[in-house]
Amino acid sequence: MPQNLNPLETEEGKEFFGAIYKEYNASMMYAANSILNNPSDAEEVVHDAFLTIISHLDKLMDYEVPKLNLYTRLLVKAKADKLNQKKNGGKSMLSELCEVMYGSDKKEGNK
């Protein structure tokens with residue numbers, strides 16, 4: 001496929017994107033909403049993830065189903081975590097979890 005051609009301009013690209021959307025949209029919304037606890041934010045994240053998918057569609061067309069499934073899940077989770085960080089003053093879910101588990105005190109002896 002020529003580099004300058006938008007994959008959505010080909011019938012194959014349109015069909016492939018439609019299949020991805022149909023297969024993964026609901027699970028991507030579920031994953032995003034489970035992280036963000038906000039349907040509006042989840043919808044924004046999934047929309048952004050699909051824009052990323054479109055920009056990489058030519059590469060994704062070579063992926064096997066298990067790899068494509070993993071890619072969509074990781075992509076939406078990363079984008080949801082990034083939005084969560086932005087809304088929480090730069091803290092990731094992992095850093096929040098560590099604070100809950102180990103406390104926010106980092107005093108000597110409280111490790």
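The following conversation goes through a predicted model of one protein chain.

Me: Before we start, what should I know about the model and its numbering?
Reply: This is a predicted model, in which local features need pLDDT of at least 70, side-chain atom pairs count only at pLDDT 80 or more, and totals for chains, interfaces and linings use all residues. Residues are numbered from 1 along each chain as its sequence is written, and side-chain values use heavy atoms, with hydrogens and water left out.

Me: How many helices and strands are there in the chain?
Reply: The chain has five helices and zero strands. Helices (H or I, at least four residues) and strands (E, at least two) are DSSP runs, numbered from the N terminus. Read from the N terminus on, the order of elements is α-α-α-α-α.

Me: What share of the residues counts as buried?
Reply: Of the 111 residues, 29% are buried. Buried means under 20% relative accessible area, exposed means over 50%, and partly exposed lies in between, with a 1.4 Å probe and protein chains only.

Me: What about contacts between residues at least 24 apart?
Reply: Such pairs make up 59% of the contacts between residues at least 6 apart in sequence. Contact means heavy atoms within 4.5 Å.

Me: Let us turn to the helix pairs. At what angle do α1 and α2 pack?
Reply: The angle is about 140°, and the axes of α1 and α2 are 8 Å apart. Axes are lines fitted to C-alpha atoms, for helices over the stretch in contact, and angles run from 0 to 180 degrees between N-to-C directions. α1 and α2 are therefore oblique to each other. Angles under 35 degrees count as roughly parallel, over 145 as roughly antiparallel, 65 to 115 as roughly perpendicular and the rest as oblique.

Me: Is the crossing of α1 and α2 left-handed or right-handed?
Reply: α1 passes α2 in a right-handed crossing. A crossing is left-handed if the near helix is turned anticlockwise from the far one by less than a right angle, and right-handed if clockwise.

Me: Which residues of α1 and α2 meet there?
Reply: Among them are Phe17, Ile20, Tyr21 and Met28 in α1, and Val45, Val46, Phe50 and Ile54 in α2. By class, the contact of α1 with α2 has 15 nonpolar, two polar and two charged residues. Ala, Val, Leu, Ile, Met, Phe, Trp, Tyr, Cys and Pro count as nonpolar, Asp, Glu, Lys and Arg as charged, and the others, Gly among them, as polar.

Me: How do α1 and α4 pack?
Reply: The axes of α1 and α4 are 9 Å apart, at an angle of about 40°. That makes α1 oblique to α4, and the crossing of the two is right-handed. The residues that meet include Phe16, Tyr24 and Ile35 in α1, and Val65, Leu68 and Asn84 in α4. By class, this contact of α1 with α4 has 13 nonpolar, three polar and two charged residues.

Me: Then what about α2 and α4?
Reply: Helix α2 (residues 39–55) and helix α4 (residues 65–87) have axes that come within 9 Å and cross at roughly 130°. That makes α2 oblique to α4. The contact includes Asp41, Asp48 and Thr52 of α2, and Tyr71, Lys79 and Lys87 of α4. Nine nonpolar, two polar and four charged residues make up the contact of α2 with α4.

Me: You named Thr52; is that residue buried or exposed?
Reply: Thr52 is buried, with a relative accessible area of 17%. Not counting residues up to four places away in sequence, Thr52 touches Tyr71, Leu75 and Lys79.

Me: Where is Asn37, and what is its phi?
Reply: Asn37 lies in the loop between α1 (11–36) and α2. Phi of Asn37 is near 55°, a positive value in a residue other than glycine. Most residues other than glycine have a negative phi. Asn37 counts as exposed, at 65% relative accessibility.

Me: Last one: what does Pro39 contact?
Reply: Leaving aside neighbours within four places in sequence, Pro39 is in contact with Met29 and Asn33. Pro39 is found in helix α2 and is exposed, with a relative accessible area of 54%.
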